Number of protein chains: 2
Amino acid sequence: MTTEQQEEEKICIIGSGNWGCAIATVLGRNAAILPFCSEAVNMWVYDEPVTLPSDKKSTAKLSYVINTLHENVKYLPGVKLPSNVRAIPDLKEACKNATLLVFVTPHQFLPNLLPTIRANVHPTRCRGVSLIKGLDFDEMTKAPVLISKSIETAMGGGFKCGVLMGANIADEVARRQMCESTLACDFEDDGCNERTRQLFDEPPNFRVTRINDVAGAEACGALKNIVALGAGFVDGLGFGGNTKAALLRVGLLEMAQFCAIFFQRVERGTFIESCGIADLITTCYGGRNKRCAEEFAKLKLIEHKANCDELWMDIEHKLLNGQKLQGTLAVKEVYALLENRELLDSFPLFRSIFEIAFTGRPVSTITEGIHVIGKRFVSNL
Amino acid sequence: MTTEQQEEEKICIIGSGNWGCAIATVLGRNAAILPFCSEAVNMWVYDEPVTLPSDKKSTAKLSYVINTLHENVKYLPGVKLPSNVRAIPDLKEACKNATLLVFVTPHQFLPNLLPTIRANVHPTRCRGVSLIKGLDFDEMTKAPVLISKSIETAMGGGFKCGVLMGANIADEVARRQMCESTLACDFEDDGCNERTRQLFDEPPNFRVTRINDVAGAEACGALKNIVALGAGFVDGLGFGGNTKAALLRVGLLEMAQFCAIFFQRVERGTFIESCGIADLITTCYGGRNKRCAEEFAKLKLIEHKANCDELWMDIEHKLLNGQKLQGTLAVKEVYALLENRELLDSFPLFRSIFEIAFTGRPVSTITEGIHVIGKRFVSNL
């Protein structure tokens, strides 16, 4: 084996949903031209039967469809994947000797997948980048645990995992509209950091900036979904741009304050990267959390339906085809944590969003949560 | 005269347009209840004949209409002004013994008004707060001059002028929707600063935070209109949320960089106040600069009309009833300044917005301007 071959990167994407396939278009095109990377990009697919667009009565396995039509007809219809992206339903085969794992699967799948992944990746040169937006919470302490950290722990042996976050609505990335993205990683050497960045970076349309602050970037990706619920409430009430902008601003401050309290060494600059303010704006003006919360507010105003959990389920069923909202899960966990630590008074917005979403508090009281409590932690920004 | 009477505040609002009348509703209600303030709020009105809503064929003088109907039927129709707000067309009478001047007139009016104002306000206790959004530029050096500074210079005698900026679309303020506002001032003592804040603050709907950084707050109020032109271009091209969020983010960084270069002691924290990020968001999602630029982009795509100045005039005529856009004026001045100082390469977004707006550069090239040049000045944020 020559040195060149030894140092060749092998990418494996763990997941093949909407965002997984969108990032696969970028990684596939980059892998085909970057000299230090193997051309083939493996994509582990949770195989399921899908209906074929050509014949609505037939189904075929998703991996077969992706490998023959080069399109994920179920989760990213209408977008061609590069032919060097190979759908592989066998996890062992997919991640064999991988040097870069790209995690973009629902995060509850991870515990079942990681032991197999660990046993099959490149023994010394493998690292990960997580695109999963969410937070784990320790059952005992209720403390937040980064998904990237959970991955590192499960992989063991000094495995390092960064994150890619930012204002990256998947369909727009797939249609090659210009956007920015933040890669947060702190691998063993700067060469590895930069190579990882280059694997994702596809100027002029997909522009990746690298920072070191994994915790800040990842926490922003989860917490913005909570703020987006508030944005949806404001929109559902018919309030204007002033109120919504104030909500985003206070939301950003509570996100920063949360990071300052619960994570080490989060950096101020992270909040003005794409993963911070830009992702927050995109999510609050167009994401699914904002849309569902807007619907929630409207239905509450008309129906005064008592059971909030039922109402959210109805909305998820109607607007998301049954998929789960991330913001409602996150705000429940964050509220439990803040209550446990007696910090609710320092987070009037997060608190208001939870109480409106789950305790029957009137939606119109959202504005009471839009204020900054002191500047105790805000110097973080 | 008792001490109490001596210390009584007397408010005079210079201007009675859309924003002037909206802020008059807040100041009027506050003046009526705050013990340290004279109840009457004077509002200097540039008198003009207006059509009466009750009889479309009759006209009356604006000051007469305001004082009888308590409504500015031309610039803020449908909103009642508090009866203690008195429209006064005679400037001398309006500002007689005023202790707080609130400037909210088109800024080209100021040179004609300030000598009369200076001669009539309270001789020792008067200060100003400017709500005017714009920048002056020195004809010789092309350097930016804050309007609050021009006012201070013209008033002389140590007169101090702060600003009130923020995500404050006038109609929403007038309808008493919740919003935040930033008062930037640095008057002789903290008592005066706090009294001024209280005169504007009307919780829970109009929440005023005070900061010291007048230059930062005022510059944000002018520069955001430039970014809003870019936002309109992106919307007109039909791009999605990712691109727009990236544009806002890079726009905020260029605003901060501009302030770091051209003004002394601008503070980082200013950009996360309402006058910074929140006003930028509101303006880029709903303001007149964004709407007109969106129209410009659409017309350019259809017509390829060669003369940009004509096209802007047509749009102003159609969408703004002939009023002038602030963003197009500002970007011309800012471009001339940056060119003069050989700094254009450090401001790719401002540069792109100017070139698209005025030199025939294709609107679709706006995305080329959405990137950050180094971190030379960005440590300011």
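This is a predicted model: local features need pLDDT of at least 70, side-chain atom pairs count only at pLDDT 80 or more; totals for chains, interfaces and linings use all residues.
Buried here means under 20% relative accessible area. At 6%, A:K224 therefore counts as buried, and this is the residue where UniProt, in an unreviewed entry, puts the feature "active site".

**The annotated lysine**

- A:K224 sits in helix α9 of chain A, which runs over residues 214-236.
- Leaving aside residues up to four places away in sequence, A:K224 touches A:K133, A:M255, A:D279, A:L280 and A:T283.
- The "active site" label comes from the UniProt record, and that entry is unreviewed.

**The annotated domain**

- UniProt's unreviewed entry also gives chain A a "domain: Glycerol-3-phosphate dehydrogenase NAD-dependent N-terminal", covering residues 10-186.
- That stretch of chain A, residues 10-186, is 30% helix and 29% strand.

**How the two copies are related**

- Turn chain B by 180°, with a shift of 0.0 Å along the axis, and it lies on chain A with an RMSD of 0.0 Å.
- Which C-alpha of chain B is nearest the axis? It belongs to B:I281, and the distance is 4.1 Å.
- Of the interface residues of chain B, 100% are also interface residues in chain A, so the copies meet through the same surface.

**The interface between B and A**

- On the contact side of things, 39 residues of chain B meet 39 residues of chain A.
- About 3,200 Å² is buried between chain B and chain A, and carbon and sulfur atoms give 52% of that area.
- In chain B, the residues losing the most area to chain A are B:N242, B:R249 and B:I272, which together make up 23% of what that side buries.
- How many salt bridges are there between chain B and chain A? The count is 4.
- B:R249 turns up in a salt bridge with A:E273, at 3.7 Å from N to O.
- Polar contacts between chain B and chain A come to 20 residue pairs, with both residues at pLDDT 80 or more.
- Four elements of chain B give two or more residues each to the side touching chain A: α7 (170-174), β11 (179-184), α10 (241-262) and α11 (274-286).
- Helix α10(B) supplies the largest share of that side, with 9 residues.

**Salt bridges elsewhere**

- Over all chains, the structure holds 48 salt bridges.
- One of them pairs B:K332 with B:D309, with the closest N and O atoms 3.1 Å apart.
- This pair links distant parts of the chain, 23 residues apart: B:K332 is in helix α14 of chain B (residues 326-340) and B:D309 is in helix α13 (residues 308-320).
- Both ends are partly exposed: B:K332 has a relative accessible area of 38%, and B:D309 has 39%.
- B:K324 and B:E316 also join their side chains in a salt bridge, at 3.3 Å from N to O.
- Is B:E316 buried or exposed? B:E316 is buried, with a relative accessible area of 5%.
- B:D345 and B:R351 make a salt bridge at 2.8 Å, again N to O.
- In that pairing B:D345 counts as exposed at 58% relative accessibility, while B:R351 is partly exposed at 26%.
- Over in chain A, salt bridges that share partners tie A:D235, A:K244, A:K290, A:E294 and A:K298 into one network.

- B:Q257 lies in helix α10 of chain B, the element that gives 9 residues to the side touching chain A.
- With a relative accessible area of 3%, B:Q257 is buried.
- What does the side chain of B:Q257 reach? It gets to the backbone oxygen of B:S346, at 2.6 Å.
- From B:Q257 to B:A222 is 35 residues in sequence and 14 Å in space, taken C-alpha to C-alpha.

Conventions: Residues are numbered from 1 along each chain as its sequence is written. Chains are lettered from A and ligands numbered from 1 in the order in which they are written. Side-chain values use heavy atoms; hydrogens and water are left out. UniProt positions are given in the numbering used here, feature names are shortened, and annotations may be inferred rather than shown by experiment. Buried means under 20% relative accessible area, exposed over 50%, partly exposed in between (1.4 Å probe, protein chains only). Contact means heavy atoms within 4.5 Å. Copies are superposed by least squares on the C-alpha atoms of residues with pLDDT of at least 70 in both. Buried area is the accessible area (1.4 Å probe) that two parts lose on being put together, summed over both. A polar contact is a pair of N or O atoms within 3.5 Å; within protein, one must be able to donate a hydrogen and the other to accept it, and residues adjacent in sequence count only if both atoms are side-chain atoms.
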